[in-house]
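Open the model in your viewer and keep the selection tool ready. The tour starts with the whole chain and ends at a single side chain.

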Amino acid sequence: MRRLPISLITAVAIAGLAPSFVSARENAVSATAAPAAITLERVFASPGIAGAVPRGVKLSPDGRFLTMLRNRPDDRTRYDLWGYDRHTNTWRMLVDSLKLSSGKELSEAAKMQRERERIGDLKGIVGYDWAPDSQSVLVPVDGQLFLAHVTGTDAGTVAPIAGAQGGEVLNPTLGPKGGHIAFVRDRRLWVAPLSGKAVAVSPAETNADVHWGEAEFIAQEELHRFAGSWWSPDETRLAVERYDESGVAVVTRAAIGAGATHVTTQRYPAAGTANAVVSLSILGTDGESKVDVDLGPDKDIYLARVDWSHDGKTLYVQRLNRVQDQLDMLAVDPATGASHVLFSEHAAPKSWINLSDDYRFLADGSLIWWSERDGHGHLYHYQNGAFRQLTHGNWEVSGLVAVDETAGRVILTGNRDDVLSPQVYALDLAHADTLTPLGDPAFANSASADAAGHTLIVTRNADGQPPQSYLADAKGERLAWIEENSVTGAHPYAPYLAAHRPAQFGTIKAADGTDLHWMMITPVMEPGKRYPVFTYHYGGPSVQVVHHGWQGALAQAIVAKGYIYFAIDNRGSNARGVAFESPIWHAMGSVEVEDQLAGTQWLKAQSYVDPARIATFGWSYGGYMSLKMLEKHPGVWAAAIAVAPVTRWELYDTAYTERYLGDPKAPGGVYDRAGAVIDAPKITDPLLVIHGMADDNVVLDNTTAFAAAMQAHAVPFEMMLYPGQTHGIGGPKISVHLYNSVFDFLSRHGVVAGGK
């Protein structure tokens, strides 16, 4: 499911839960020079309102260079490659994407892969890889491959890679020794030396539905795996995925644009239908050798993760069953393809397996492993066939950053000290639960690191402070700013900082007594006056909306219009453990709706809220929630907006939908209850539905099915469609139009600031 909550990394809590009211001093100040209020137009304009927020920050293998993708001041969606030399303390642009851009339109496969990586709107350089010798960087631009020389006699030059010329390439990877690259072209995997001819290492296939070296649709969209090949440590072999989607149903997708409609057919595995058949082989770089991996007798499985051991003697494969309640770790002999199960993870009853990238195979053959086996996401050390738990408690490890094997230290992120504010910690591998905080707790912190965990890249944010990033040593001490991003001087947000409104936090009880965390931002309020509320929700699994930290400028623009901005995390949301997330198992659209209702009832009891002017807004799963809320509780919300809503779960893909709802062919009516079409005629409150007409994720059929049900029962509603737009409807002007449409709709139905 495409996760599209408003940019809501939330703010540092302030003392007290009561909203602040206007003081005599504030009245005097506002009478002379009112601070600038941010507008929707400025939120979506360039340069980005949050300032310089780099992407893809990495350290060269030798630690000398720090590189990142930096967007342009005049085009916030175009990225170039920049580098910082720690020896000379200087920055320079390493690769200018405009100079290398061919301007050629990407293939449909490349565009769809970018959509699944959530970078479909970005241009220029969207990824890169350092060579192991730290001399050069592999840079793909518009489907072509270039080698940018950073040091040495060729420093400053950028040249195309000869063996990759001749057509668009997908999924390029540099070998671990730096001598070869692997890439996909025309559904085959190719390997080329950096200065030689490419060789096709996968077999030629006559079936156009067979692909080598690519992750299948489901792996990309729902398993968060984008790789389809994996280099052996000695660079002589690759583990390569082959998938055959000829058994997957063909759907016709109409991408309706402003001037034309492009009709395409797509292999799409809808819930309850066949997935692609996936297999794994080990191929030699000469294109001659091939060993098939034994993934077990059940072919209806998900290939979740693939890794090589440090010595290359074992290939590790994570195999997830179709029901997604069992994950097996296979150990594979690369010489024969024979496999056996090392261990298995089993989901709690009426729950599912959450996949993770938070694991590391160590040089001694042991493994640092993330698991929810005790009801919370924690780290374990697997060695000699046994697990030793490294972290415990009613909190979640949210990331495994690095392992310093020499020092016996693990760097991780988690919410041990505050469920709403992730922090960075160091853990003594020999002594469980010995956690040392490495960041400033006044900020929400995350981190990445070099392979050894000696140098950290820390990213932090706070209320009124968009993300900052800096280099730190192993103790967390700052060595140098990467992007200080201070909101002063010419910073894009500086003119609006004086009008910035802080977020406030609190909890209410769910029906079962569970604490539900809420976040609220208020305008400067006058005593005795009641205000309208704009409630934002996502509500689905794997997302936490209420955080401490930078909220994003859009929430501030909504508050500047005179609304109270409110969000609450319902049961089914992320970062609270298995018991909090799993109540939606086979019951989507149930407890989430009731918890959102509880939040709204709490709002209505507040003296500063106008109970007749509370609107709700959601996108994707949140759009689905908007519909379910109006269907189940008419008369509670003054109006609702549903953007790109799922209305029939049978239309959504296998892995996501079956994980939570099971097989649609099973008895019990789970899908009918979870859907939003059957009960559509129960809606009596004002509703605006918004959808992109080229949405390849939550396809437009969801909205047309819902609209037909409403029309068949003469139920009025409003709709706004965006030609050519996909799931993440947006752009400097399109986004403004979307939100102006939202607030025009609210105004027409009386949910507007002013008056009472």
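Show the cartoon first. This is a predicted model, and its chain comes to 13 helices and 44 strands.

Switch to the C-alpha trace. Along the principal axes, the C-alpha atoms fill a box of roughly 75 × 65 × 60 Å. The radius of gyration is 26 Å; a compact globule with 756 residues would have one near 27 Å, so the two agree.

Colour by burial next. Of the 756 residues, 56% are buried.

Take the contacts with a separation of 6 or more: 60% of them join residues 24 or more positions apart.

Select the charged groups. The chain has 64 positive and 83 negative charges. How far apart are their mean positions? They are 4 Å apart.

Now zoom in on Arg305. Select residues 301-308 to see its setting, strand β21. Is Arg305 buried or exposed? Its relative accessible area is 6%, under the 20% cut-off, so Arg305 counts as buried.

One of its polar atoms lies 3.0 Å from the backbone oxygen of Leu223.

Finally, display what Arg305 touches, leaving aside neighbours within four places in sequence. Leu223, His224 and Arg225 are among its contacts. Tyr316, Val317 and Gln318 are also in contact with Arg305.

Methods. Residues are numbered from 1 along each chain as its sequence is written. This is a predicted model: local features need pLDDT of at least 70, side-chain atom pairs count only at pLDDT 80 or more; totals for chains, interfaces and linings use all residues. Side-chain values use heavy atoms; hydrogens and water are left out. Helices (H or I, at least four residues) and strands (E, at least two) are DSSP runs, numbered from the N terminus. Buried means under 20% relative accessible area, exposed over 50%, partly exposed in between (1.4 Å probe, protein chains only). A polar contact is a pair of N or O atoms within 3.5 Å; within protein, one must be able to donate a hydrogen and the other to accept it, and residues adjacent in sequence count only if both atoms are side-chain atoms. Contact means heavy atoms within 4.5 Å. The radius of gyration is taken over C-alpha atoms; the globule rule is 2.2 Å times the number of residues to the power 0.38. Lys and Arg count as positive and Asp and Glu as negative; His and the chain ends are not counted. The place of a charge is taken as NZ of Lys, CZ of Arg, CG of Asp or CD of Glu.
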